[in-house]
Amino acid sequence: MAYWALTGVTAYKPVSVKGIRFMSIAISTRVRLPVILKGDDIVETEIVSYEGLSSESVAIVFPGTDKQSDTPLVRIHSECLTGDAFGSALCDCGPQLREAKQRIAREGGVLIYLRQEGRGIGLYNKLKAYKLQQDMAMDTFTANRHLGFANDMRSYDEASAMLSALGVSSCRLLTNNPDKVSALEETGIQVTERVPTGNFGNAHNSRYLEAKKSHGHFLD
Ligand SMILES: [Zn+2]
């Protein structure tokens, strides 16, 4: 059984990740977290915290059902308070997170939840960017640049280190974002397959999704 699928274990396994910057992190706590998928459908996961990260990012490890493998299904999800918690229709984060939970629950795998809100600019700055989008008709990338930030401040180095600490060296990655695939591979996690996510368009996020598509996301 792959190390990542172990349950009830608190492990300390320092890992170093090569790549853009040196990083050494370790698992701090692994604790049981039953998660509601839908209605009264509850899955027993573990939530994992780490030492050495720049923020309080966590991994959710889902139990494998019948095919725990060396290439678990992995989703790297960047925090979006408005979408994840409040169900904002301005983006597609909420439906993507729900889809990831349900798909990973079916076959086992890991959800990495990175605390890099608003493409890494933080919640309050994201709201300022929304204001520019609504008042000045800017897209998400233009608004971020107008506020003095890069198009996308997110980094996936820590996600790679978090997976390595769980013993995951290769995975199938649930994403439409090619940057995530290359970021993992550059830091030593092999991506054997890119598994596309659903397309969660609505009347309020069509411009946002178009902007993502024009910046290289697959919308399939
Ligand atoms: Zn969002």
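This is a predicted model: local features need pLDDT of at least 70, side-chain atom pairs count only at pLDDT 80 or more; totals for chains, interfaces and linings use all residues.
Two strands count as paired here if DSSP finds at least two bridges between them.

β6 spans residues 109-114 and has a partner in strand β4, residues 58-62. Five bridges join β4 to β6, and the two run antiparallel. One of the residue pairs in this arrangement is Phe62 with Gly109, the latter being the bridge partner in β6. Strand β5, residues 73-78, pairs with β6 as well, but in the parallel sense and over six bridges. Arg75 is the residue that stands opposite Leu111 of β6.

As for how β6 sits in the model, the strand is mostly covered, with six of its six residues buried.

Turning to a loop, Asp152 is found between α4 (140-146) and α5 (157-165). Asp152 counts as partly exposed because it has 18 C-beta neighbours inside 10 Å, and a residue needs 20 or more to be buried. Leaving out neighbours within four places in sequence, Asp152 is in contact with Arg119 and Gly120. Ile121 is 31 residues away from Asp152 in sequence, yet the C-alpha to C-alpha distance between them is 8.4 Å.

Notes
Residues are numbered from 1 along each chain as its sequence is written. A residue is buried if 20 or more other C-beta atoms lie within 10 Å of its own, exposed if 12 or fewer, and partly exposed in between; C-beta atoms are placed from the backbone. Helices (H or I, at least four residues) and strands (E, at least two) are DSSP runs, numbered from the N terminus. Two residues are in contact if their C-beta atoms, placed from the backbone, lie within 7 Å.
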